[in-house]
Amino acid sequence: MTSYTHLNRKTREAVIMPREQRLAYARRSRWVPYERAIEIESIIDDLLQMPVDERVSNLLIFGSADSGKTELSKHYFRKHLPKDRSDGEGIEAPVIWVEAPSIPDEKEFYEEILTALRCPFKLTDGRLMKRAQVNTMIEQLGIRLIIVDEFHNVLAGGGKTQAAFLAALKRMSNVMGIKFAMFGTQKALRVIESDEQLSSRFEIEPLPKWRRDAHFQRLLVNFERQLPLKEPSKLHQPELAEWLFDQSEGMIGELSRTLRKATVHAISHGREQIDIDTLKSLKRLSPSARRKHARDGY
Ligand SMILES: Nc1ncnc2c1ncn2[C@@H]1O[C@H](COP(=O)(O)OP(=O)(O)O)[C@@H](O)[C@H]1O
Ligand SMILES: [Mg+2]
């Protein structure tokens, strides 16, 4: 019996599944831990534990598209799912996850929150009614931290709508003691910087692109532990690591898709590891080369 020590426990079970199931497993994206993510999670933890009266009580995590922001925000949330209260009196939800409305609108934001809490609301109720409903939920469920993904959406409103929305967020933190962990692109920085009072209350943390270094190699080691292949591919070794870095251009989303495709390709061709030929036969361009081709009208 082989022990498949290059794989994590779950993947060891997947690697011996029948072919179709193994292929399905290989196609699915799964959380792969990496150092910066663990760091950011502990920064959010500190924010969650911080007394409400501290000045800096919010966080903005920014990075380009495909850098893993949504995955990271959801991964954090999954570790803090609502649970039964210790006194048996209902549930508590210290952390909730929402997406910023596509335009900064206070009422829609409350609707997002109520939807996240699976709390029914009347579409016809106005902004103030929904604000009251959200405040009740905050108290009932002991909500302390709201994770907001796609925070750059706030820019989609003109100056006035944007200011009104930010005022609503400030009210939530001042009156209800809510802390925010925002995730967004570089543009989200502009939202914070548009308001002096807000910017003094935000800690800003980048989720940068990967560089060609030992961190990237460790990421590859962690990815490999989740690929259901029977032989080690040693993705972190220079030839493969270089190829994967160049092709993905340091974006975790692209890396994840390429590795999943390579795994499926290997399994479909009766191979049990990813080697340089597997990667090359994918004929996969880098994201910027694909964009260039699209622009040039290929
Ligand atoms: N920690 C991770 N482990 C595995 N795959 C990841 C991880 N983070 C991101 N990905 C992959 O990258 C893709 C893009 O990530 P996402 O969080 O949607 O990026 P962003 O929100 O920054 O645009 C995801 O669909 C997922 O497949
Ligand atoms: Mg996203």
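A crossing of two helices is right-handed if the near helix is turned clockwise from the far one by less than a right angle, and left-handed if anticlockwise. The exercises below apply this and other terms to a predicted model.

**Exercise 1. Describe the protein as a whole: how many helices and strands does it have, and what share of its residues is buried?**

Step 1. The protein contains 14 helices and seven strands.

Step 2. Along the principal axes, its C-alpha atoms fill a box of roughly 60 × 55 × 35 Å.

Step 3. Of the 298 residues, 29% are buried.

Step 4. Among contacts with a separation of 6 or more, 70% are between residues 24 or more positions apart.

**Exercise 2. Find the largest nonpolar core and state which of its residues touch the most other members.**

Step 1. Nonpolar side chains tend to be buried together in soluble globular proteins.

Step 2. In this model the largest nonpolar core has 37 residues. Those touching the most other members are Leu60, Ile96, Ile146, Ile147, Phe151 and Met182.

Step 3. Apart from this core lies another one, of 24 residues, including Phe223, Leu259, Ile267 and Leu279.

Step 4. Take Ile96 as an example from the largest core. With neighbours within four places in sequence left aside, Ile96 is in contact with Ile113, Ala116, Leu117, Ile143, Ile146 and Ile147.

**Exercise 3. Classify the packing of helix 11 against helix 12, and state the hand of the crossing.**

Step 1. Two packed helices are described by the angle between their axes and the distance between the axes.

Step 2. Helix 11 covers residues 238-248 and helix 12 covers residues 252-268. Their axes are 9 Å apart, at an angle of about 120 degrees.

Step 3. Helix 11 is therefore oblique to helix 12.

Step 4. The crossing of helix 11 past helix 12 is right-handed.

Step 5. On the helix 11 side, the contact involves Leu244, Gln247 and Ser248; on the helix 12 side, Glu254, Leu255 and Thr258. By class, two of these residues are nonpolar, three polar and one charged.

**Exercise 4. Which residues join helix 10 to helix 11?**

Step 1. Helix 10 spans residues 214-224, and its axis comes within 11 Å of the axis of helix 11, crossing at roughly 100 degrees.

Step 2. Helix 10 is therefore roughly perpendicular to helix 11.

Step 3. Phe216, Gln217 and Leu220 of helix 10 meet Ala241, Leu244 and Phe245 of helix 11. The classes are five nonpolar, one polar and no charged residues.

**Exercise 5. Examine the phi angles of Glu249, Lys283 and Gly297.**

Step 1. Most residues other than glycine have a negative phi.

Step 2. Glu249 is not a glycine, yet it has a positive phi of about 55 degrees. Glu249 sits in the loop between helix 11 and helix 12. Because 15 other C-beta atoms lie within 10 Å, Glu249 is partly exposed.

Step 3. Lys283, also not a glycine, has a positive phi of about 50 degrees. Lys283 is in the loop between helix 13 (276-281) and helix 14. With 6 other C-beta atoms within 10 Å, Lys283 is exposed.

Step 4. Gly297 follows helix 14 and has a positive phi near 80 degrees.

**Exercise 6. Is Arg201 buried or partly exposed, and what does Arg201 touch?**

Step 1. Arg201 is found in the loop between helix 9 (196-199) and strand 7 (202-206).

Step 2. Arg201 has 17 C-beta neighbours inside 10 Å, so it counts as partly exposed; a buried residue needs 20 or more.

Step 3. Not counting residues up to four places away in sequence, Arg201 touches Arg55, Val56, Ser57 and Asn58.

Step 4. Between Arg201 and Ser233, the separation is 32 residues in sequence and 46 Å in space, C-alpha to C-alpha.

Methods: Residues are numbered from 1 along each chain as its sequence is written. Chains are lettered from A and ligands numbered from 1 in the order in which they are written. A nonpolar core is a set of buried Ala, Val, Leu, Ile, Met, Phe, Trp, Tyr and Cys residues joined through C-beta atoms within 7 Å. A residue is buried if 20 or more other C-beta atoms lie within 10 Å of its own, exposed if 12 or fewer, and partly exposed in between; C-beta atoms are placed from the backbone. Two residues are in contact if their C-beta atoms, placed from the backbone, lie within 7 Å. Axes are lines fitted to C-alpha atoms, for helices over the stretch in contact, and angles run from 0 to 180 degrees between N-to-C directions. Helices (H or I, at least four residues) and strands (E, at least two) are DSSP runs, numbered from the N terminus. Angles under 35 degrees count as roughly parallel, over 145 as roughly antiparallel, 65 to 115 as roughly perpendicular and the rest as oblique. Ala, Val, Leu, Ile, Met, Phe, Trp, Tyr, Cys and Pro count as nonpolar, Asp, Glu, Lys and Arg as charged, and the others, Gly among them, as polar.
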